[in-house]
Structure formats: C-alpha cells, structure tokens
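Here's a quick briefing for anyone meeting this structure for the first time. Take a look at the model, then read on.

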4 protein chains.
Amino acid sequence: MEFNIESASRVPIYRQLVAQIREAIARGRMKPDERLPSVRELSRELVINPNTVARVYTELEREGVLNTRQGLGVFVAQPRNELTKRVRKERLTCLVDGLLTEAVHLGFAREEVTATVAERMEKFAFAHGVGGQ
Amino acid sequence: MEFNIESASRVPIYRQLVAQIREAIARGRMKPDERLPSVRELSRELVINPNTVARVYTELEREGVLNTRQGLGVFVAQPRNELTKRVRKERLTCLVDGLLTEAVHLGFAREEVTATVAERMEKFAFAHGVGGQ
Amino acid sequence: MEFNIESASRVPIYRQLVAQIREAIARGRMKPDERLPSVRELSRELVINPNTVARVYTELEREGVLNTRQGLGVFVAQPRNELTKRVRKERLTCLVDGLLTEAVHLGFAREEVTATVAERMEKFAFAHGVGGQ
Amino acid sequence: MEFNIESASRVPIYRQLVAQIREAIARGRMKPDERLPSVRELSRELVINPNTVARVYTELEREGVLNTRQGLGVFVAQPRNELTKRVRKERLTCLVDGLLTEAVHLGFAREEVTATVAERMEKFAFAHGVGGQ
DNA sequence: GTGGTCTAGACCACC
DNA sequence: GTGGTCTAGACCACG
C-alpha cells in the first residue's frame, strides 16, 4: 500500500491517513488480517512523526477497523457490525444528503450523480446481501 | 427558513449554519434572490454570537452561494458554475468515493446505497439536462 | 467532581482518569450537559501533562460519553445506545464471567456475590425499563 | 482442557491464557491437584512461544493458583485464602463497581444485570457457606 | 524488533 | 479563554 500526505493541506495529517486507510480497506486493496507497516516504518516513509502514525492506528483500532497485536504489528480487522440498523441508516442518509447538496451546488443533474455512483461502486468491495440487524 | 443549531455538537456552530443554508438551497427551500434574515435577526433567533452569523454569510459569499447588496441585505445568489467540467467531475468523484468508503464500513450492500441515493434525490432541486462547460 | 491519580500505579494515568469519569457518570454524580474542567485546569489540578487529559477527553468523546464544543469546553453527553442488543449482551456476559471468576478465586460464596451486586447497585444510576433494540 | 488463543486480539497472549486457566478453575473444569500440560506440550498445541507459556505458569504460581512440583509438572493448587476478609471484600466491591459502571453505560436496566449474574453463576464452582477469616 | 505511555512545548481554530 | 494538532524524545511492555 502506498499512502501520500499533503502537508500543505488544511486537513490534519492524521485525518488524511485515516481516510486513506479506510478507503484502501473499503476498496479491497487491503484485506482482513493483512499487516500494515509498523509505526516507525510508516513514519519514516511519510516523513512524519511516529506519534502521528500511532494516533492514526489507535483511532482506527477504536473504530474496529484495525487491530494491533503487541510486539507483532497492526493488522486489518475482520469486518464487524456492532451498530444498530437504525444508527447505520441514519448515518448513510446523512452522508447521502451531504453528497447531494454538493452535487446540486456543483450544477450536476440527477442522471450524472446516479451514473457516477454506479460507476465508482464497481471499485469498492461491498458486502453481498443486506447488512446485519 | 428555519435553522437549528445543536450546541451540544462537536461541529462548530458556523459550520452547522453553513451546511444548513447550503442544504436549504440545494433542496430548493430557498430560491435565488430570496433574502436571508439580517445578521442581527438571525443571531437573536438562534441565540448565537452575531460574529458567528457574519462569518457564515462571508464564507458563503466567498463561495458564490450568497451575495450581499449593501444596505438591502443578504440574498441567495443565482447559480453559477465557474469551475470547468473536469474539476467539477473530479470533486464529485471524490465525494462519491468518500460516501462509498463509509457505506462499505457500515456494512451496506450495493443495492441499499443505490436505493438510498435514489430516494433522497427526490428531495433535492437538481438542475435539468447536463451541467455547464 | 474530584479525581485522584495514583502515579505509583501500574495502570496508565489516562486509563485511571477514563475509568473515574465513566464511573462518576454511571453513578449519576455527573449529569448530561454538565461541563467538565478544562484540559488545562484538570492537568494543573492533577499535576499531569495537558496532553494526557486531552487524550482522556478524546477517548471518551469517541466512545460517546463526552462531547466537546470548540472554545466552550467538554461536556457530559446525552446517553445513546448505538450498539446492537446482541453485542451489548455479549459484553455484559463477558464482564460478568470475569467478575465471577475473580469472586470464586477470592473464595466468596454465591450469596455474598449476589448481595454485593444488589447492594452496590443502589449507588448507580441505572436506566429504567429495558435498554434499546 | 482446551484453551484457545485469539492471535487477532489486542489482549496479549499470556494474559489470554492466564484468564482462561483462572476461569477454567473457577468453573470447576479443572480441579485441585489436576496436572496441566507441560510448557512444551501446551506451547506446541497452541502454537505459541514456550517462553509465553512459562510466563503464564510462573505468574499463576505467584498468585497461588498453580504450583510446580519439580520434575513432575504443574498442578492446580488447593484453594487458599491468604487475604483478610476486609481486603477481599474491598476487591469484590471494586470489581462489582467496575461491572456496574459498564452495565450502565451499555444501557442495561437493574433487572437485566441481576438476571445475567444469576444465570452465569450457575456455571461457576462457588464454595459453599461463607468464605474464610 | 514491535506498539503504548508520558512529557514538554509549539502553533492554530473556535467563540 | 477553550480544545486540536504536531513534533521530539524518553521509558516501558510484548514476543
């Protein structure tokens, strides 16, 4: 996996990294139980402070996306669904509304948005069937 | 238009307001040339600092979503598309990828996302035909 | 609220604080929307590094126990239940088994454990009725 | 006795094993004077480092839960109660408070906790009568 | 070697 | 004033 940090961006480094790792997993480019680079490796590679990488890993672990095994490294977690159907649906709706708001302001038409969603979907590793309770 | 500020949220007040105004416009609940409440009115109504409201209006004006007519008030701007088709498409793709990343992590299936997008779309005031240059 | 840190303990400072805040809330000694001391105040009072306090607050916010409002401070969150009934039950069972394991090793009898649970329960602010889905 | 190590867990292997042995004894699935597998056997079976198993046995011996008879192996110790009633009661209270704190945050009601404790209790090998001095 | 904890001190965003 | 981010560097626990 290759990550890249724009330190000029106003988005905090740790958020950029979090987003990139989450996207890599969602796109199936990193699989469950795959090992990520060590904190020290990644911090050397990206030329950022080890604590910043550690923070990213900690945060993603708390979310259940990664898990760390002391002395062994950090790994992609098995997907779990601990949230209520209701909460998950609320979050999805909120995200979709945000997308649509921006799409309208950018001047897109309905069909363009639908087409883009359908097109990008192919790149993501969706679960099959309908998600848990 | 009614706005509501959740002061118990970690999202800064000014961002909540910006988002709500943008969404109201995108949903067609506020139309071009419609007048918004004055800074003082809105700050009194929402019980927030006038500086915060002023900041919101300034920010949305900079974005081209609102415009101020000196002595008359603040109005919803006519939709403009200053960005090239290419840039706009890039932004849309980026937003869609963000949505899909979250959707996968929430455990949704393709069809659920497609359905939610289609359903929410009905609530938004999309332009007809295909957007500008 | 008064907190006390044992820096001699092998339990990390930030975990001690997290536990104390969680317990204070569970016992109803801190109520929703109540403000906690600022990061700087608390770090001065407990004579620990402000980053350690910040970490505690961040962690509890991520858990949904606190929420921070930029520029205003950190507050006790309204209780929410985002986890699946199944996951919650699993966690409870696991915690109870841990308790019972220790109780047996300490040589307690059934009735003593039952009595202690009943007795301590009076000190905690349980919700009424049965928890969400 | 069968133990199972979850290597994908953030809990150190040696702690997992310690907990499982303690629980097995508390549930009466291992009785006093029963022999445990040798360090080599167990490490081969669980596919973990022999040093890790050795550490587990040492730790449990220090606690008085196991004892080693040179050349013969490691055995479950006779239950002893070296702690005063007062100290033991303090520990129990502390553990119960920890359980109740979590239960409240998980949104359980009193009755649910009481019921779970009663239910799980059936699986544990409690001493009869009231514990020592 | 791995990650986890803690400190010290800097600079920025929010209200 | 508040909290959020980032860096630098120390020491400890795990395997």
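Let's start where two helices touch: in H4(A), Leu92(A), Leu95(A), Val96(A), Leu99(A), Glu102(A) and Ala103(A) meet Leu92(B), Leu95(B), Val96(B), Leu99(B), Glu102(B) and Ala103(B) of H4(B). Contact here means heavy atoms within 4.5 Å, and helices (H or I, at least four residues) and strands (E, at least two) are DSSP runs, numbered from the N terminus. Keep in mind that this is a predicted model, where local features need pLDDT of at least 70, side-chain atom pairs count only at pLDDT 80 or more, and totals for chains, interfaces and linings use all residues. Residues are numbered from 1 along each chain as its sequence is written, chains are lettered from A and ligands numbered from 1 in the order in which they are written, and side-chain values use heavy atoms, with hydrogens and water left out.

**The H4 pair**
- Helix H4 (residues 85-105) of chain A packs against helix H4 (residues 85-105) of chain B at an angle of about 175°, and their axes are 10 Å apart.
- That makes H4(A) roughly antiparallel to H4(B) (the label for angles over 145 degrees).
- Axes are lines fitted to C-alpha atoms, for helices over the stretch in contact, with angles running from 0 to 180 degrees between N-to-C directions.

**Chain A meets chain B**
- In the whole interface, 46 residues of chain A are in contact with 46 residues of chain B.
- About 4,700 Å² is buried between chain A and chain B, and carbon and sulfur atoms give 64% of that; buried area is the accessible area (1.4 Å probe) that two parts lose on being put together, summed over both.
- Leu106(A), Arg110(A) and Phe126(A) supply 15% of what chain A buries against chain B, more than any other three residues.

**Chain A on its own**
- Chain A has five helices and two strands, in the order α-α-α-β-β-α-α along the sequence.
- Its C-alpha atoms fill a box of roughly 50 × 40 × 25 Å, taken along the principal axes.

Notes: Parallel < 35°, antiparallel > 145°, perpendicular 65-115°, else oblique.
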